[in-house]
Amino acid sequence: MENEFGRFGGQFVPGVVIEALNELETAFNEAIEDPVFIEEFKYYLKNFVGRPSPIYYAEQLSKKLGGAKIYLKREDLNHTGAHKINNTVGQILLARRMGKKKVIAETGAGQHGVATATTAAMFGMDCEIFQGKIDMERQKLNVFRMEILGAKVTGVETGTKTLADAVDYAIGKWVERIDDTFYLLGSAVGPHPYPTIVKYFQRIIGEEAIKQMDEQAHKLPDYLVACVGGGSNAIGLFTEFIPHEEVKIIGVEAAGKGLHTKDHAATLTLGKEGIIHGMNTKVILDEEGSISPVYSMSAGLDYPGVGPEHAYLQDIKRATYEAVTDKEAVDAFLALSHLEGIIPAIESSHAVAYAMKLAPTLDKDTIILVNLSGRGDKDVEAIKKYLGNSEV
Ligand SMILES: Cc1ncc(COP(=O)(O)O)c(C=O)c1O
């Protein structure tokens, strides 16, 4: 196994899983060398997902803030409404190539569950999604979408009943059904080779963005900003830009109710090195050194670990990580909706919120490219509840 992310990453899993991971790695390495597989992947990205997703200059928002220009990479316009579909198309093609007929997946915000159910329907595969009971409640619309698409959604009642528990449960179920089932992991997390696989299928975001920025602005962006839950939309945008050292890279985590409280999910900001879900990375620990429950109003950022490559990029100082509170994210959600006519996912609103803080500190020739990882239809009910009686 190659050590791609310095001391981070690895395979901290039982032997039976190591065997399945080795099989997966071999199949993946063969697939990406096969021009037929690559053509097929590109075909579905173009004709099913609707790629390339555009880049849009958020002129009203930029002018109002009075500093740098904010551009948005519109992953919200993809089929099913988020970046998650890029990875599910890639992995379902891999599952099919490996002769698997059943897929399982975990989901937090439900976007990965919807994307998995969608691609499973397309290829006639049996699909079961595991989702924490709390997340099922706050993302009801997506639960219903998954069911309409023919997937079985199983609620996870353990722990905090959120994303981390759904991942634990999915890994457990995979071990039971390893012979005929493909585990379609939804973020750049987990044991090797999952973070590498997810990055490979998501890097199209940055590949397109680098060309589109050149066409539209005739320069590279000065800053990249993306929200980080497990880290897949962020790594998808960042990868192509990493060699361009003049481009500053910023990941944005959830500060929930504030970094001074226990109710946050700011893993890279406040976490320590540790093992979760089969990888060595940064994790949020309690006083006893156990994985701590985390909180964010955003189900997709509510995760006590993070993809190992982000821990590595922070360690080598190629990327920095900031944290944004629920309140700042909701303000950004409303600002983008009012000023640009774009309702962002609450996850993506964290990236928008940080860009809104950064832009006024920079001059108007500076460009910030924000990854708008998803659309906010799934979040309107939660925003309504959060705002209570206050004016929208
Ligand atoms: C729209 C959206 N953005 C971001 C995320 C966070 O995941 P990741 O960090 O893997 O991009 C999610 C997760 O559900 C999501 O639905």
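This is a predicted model: local features need pLDDT of at least 70, side-chain atom pairs count only at pLDDT 80 or more; totals for chains, interfaces and linings use all residues.
Trainee: How many residues does H10 have, and what distance does it reach?

Mentor: H10 covers residues 204-217, which is 14 residues, and its first and last C-alpha atoms are 19 Å apart, close to the expected 20 Å. Just after H10 comes His218, whose phi is positive at about 55 degrees.

Trainee: Is His218 buried or exposed?

Mentor: His218 has 7 other C-beta atoms within 10 Å, so it is exposed. This residue lies in the loop between H10 and strand S7 (223-227), and it has its positive phi although it is not a glycine. Compare Lys317, another residue other than glycine with a positive phi, near 65 degrees. Lys317 is in the loop between helix H13 (308-315) and S11; because 7 C-beta neighbours lie inside 10 Å, it counts as exposed.

Trainee: Which residues of helix H7 are buried, then?

Mentor: In H7 (residues 140-148) they are Asn142, Val143, Arg145 and Met146. Down the axis of H7 they fall within an arc of 160 degrees, so they too line one face of the helix. Their cover includes H5, strand S4 (126-132), helix H6 (133-138) and strand S5 (152-156). Just after H7, Gly150 has a positive phi of about 95 degrees.

Trainee: On to sheets. In what order do the six strands of the open sheet come?

Mentor: As a general idea, strands of a sheet pair through backbone hydrogen bonds, either parallel or antiparallel. In this structure the order is S1-S2-S12-S7-S8-S11, with mixed pairing. At the edges are S1 (55-57) and S11 (319-325), each pairing on one side only. Direction ignored, neighbouring strands of this sheet are turned by 25 degrees against each other on average.

Trainee: How many bridges join S8 to S11?

Mentor: Seven bridges connect S8 (residues 248-256) with S11, and the two run parallel. Among the pairs, Ala254 has Val324 in S11 as its bridge partner. Helix H14 (residues 326-340) packs on the sheet and touches S8 and S11; the directions of H14 and S11 make about 85 degrees.

Trainee: Which peptide bonds here are cis?

Mentor: Look at omega. Arg51 and Pro52 are joined by a cis peptide bond with omega of about 0 degrees, and Pro52 sits in the loop between helix H2 (35-49) and S1. The bond from His192 to Pro193 is also cis, with omega near 10 degrees. Pro193 belongs to the loop between strand S6 (181-183) and helix H9 (194-202).

Terms used:
Residues are numbered from 1 along each chain as its sequence is written. Helices (H or I, at least four residues) and strands (E, at least two) are DSSP runs, numbered from the N terminus. The expected span of a helix is 1.5 Å times one less than its number of residues. Two strands pair if DSSP finds at least two bridges between them. Axes are lines fitted to C-alpha atoms, for helices over the stretch in contact, and angles run from 0 to 180 degrees between N-to-C directions. Two residues are in contact if their C-beta atoms, placed from the backbone, lie within 7 Å. A residue is buried if 20 or more other C-beta atoms lie within 10 Å of its own, exposed if 12 or fewer, and partly exposed in between; C-beta atoms are placed from the backbone. The arc is that of the directions from the helix axis to the C-beta atoms.
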